[in-house]
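Subject: Structure handover

Hello,

Here is the structure for you to look over. My notes on it follow below.

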Amino acid sequence: MDESKRQLWEGRFEEQANSGMTVDTWCAEKQISKHTFYYWKQRIRKEKMEPIEKNTTTPLFAKLEMPVASDERITEAGLIIRWRGFELILSDHRDISLATQFIRQLSQS
């Protein structure tokens, strides 16, 4: 991909994100079709991921900090995720980022 085109579109993505407008509204104002906007967003995202995928010969891991184990089980869990022998228990809704990391890592394995 041409570097100048990539920079142009990355600038547009940043401008849209900082505008406070929805993609629909921003695209209409800039006279850019939504299809074109999302096409370039996906193309650039894939291009950024390709070097990682091509150069990776071993699995990628993310460190997840786990609480110290105790004999007491959490009795009021807001969310329990069980998958492939792993279990994640969230009692506080503010831990959603941990759940997101957990699901992302397990889906890539």
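I start with one tryptophan. Trp9 is buried, with 4% relative accessible area. Buried means under 20% relative accessible area, exposed means over 50%, and partly exposed lies in between (1.4 Å probe, protein chains only).

Some ground rules. This is a predicted model, in which local features need pLDDT of at least 70 and side-chain atom pairs count only at pLDDT 80 or more, while totals for chains, interfaces and linings use all residues. Residues are numbered from 1 along each chain as its sequence is written, and side-chain values use heavy atoms, with hydrogens and water left out.

Back to the aromatics. For the terms, rings of Phe, Tyr and Trp (its six-membered ring) pair if their centres lie within 6.5 Å; planes under 30 degrees apart count as stacked, over 60 as edge-to-face and the rest as tilted. Helices (H or I, at least four residues) and strands (E, at least two) are DSSP runs, numbered from the N terminus.

Trp40 is also buried, at 10% relative accessible area. Its ring meets that of Tyr39 with centres 5.3 Å apart and planes at 85 degrees, so this pair is edge-to-face. Tyr39 is partly exposed, at 39% relative accessibility.

The structure holds 6 aromatic pairs. One aromatic cluster takes in Trp9, Phe13, Trp26, Phe37, Tyr38, Tyr39 and Trp40.

Charges sit over two of these rings. Arg12 lies over the face of Trp9, 4.6 Å from the ring centre. Lys41 lies over the face of Phe13, at 5.4 Å from the ring centre. The test is NZ of Lys or CZ of Arg within 6 Å of the ring centre and within 35 degrees of the ring normal.

Helix H1 also holds Arg6. Arg6 counts as buried, at 17% relative accessibility. Its side chain makes a polar contact of 2.5 Å with that of Glu10. A polar contact is a pair of N or O atoms within 3.5 Å; within protein, one must be able to donate a hydrogen and the other to accept it, and residues adjacent in sequence count only if both atoms are side-chain atoms.

Next, helix H2 (residues 23–30). Val23, Trp26 and Cys27 are buried there. Down the axis of H2, the buried residues fall within an arc of 95 degrees, so they line one face of the helix. The arc is that of the directions from the helix axis to the C-beta atoms. On the other side of H2, Ala28 and Glu29 are exposed. Gln31 follows H2 with a positive phi, near 60 degrees.

Further along, Glu87 lies in strand S2 (residues 86–90). Glu87 is partly exposed, at 32% relative accessible area. Glu87 and Phe102 are 15 residues apart in sequence and 9.7 Å apart in space, C-alpha to C-alpha.

Finally, the overall picture. The protein has 4 helices and 2 strands, in the order α-α-α-β-β-α. Of its 109 residues, 16% count as buried.

Best wishes
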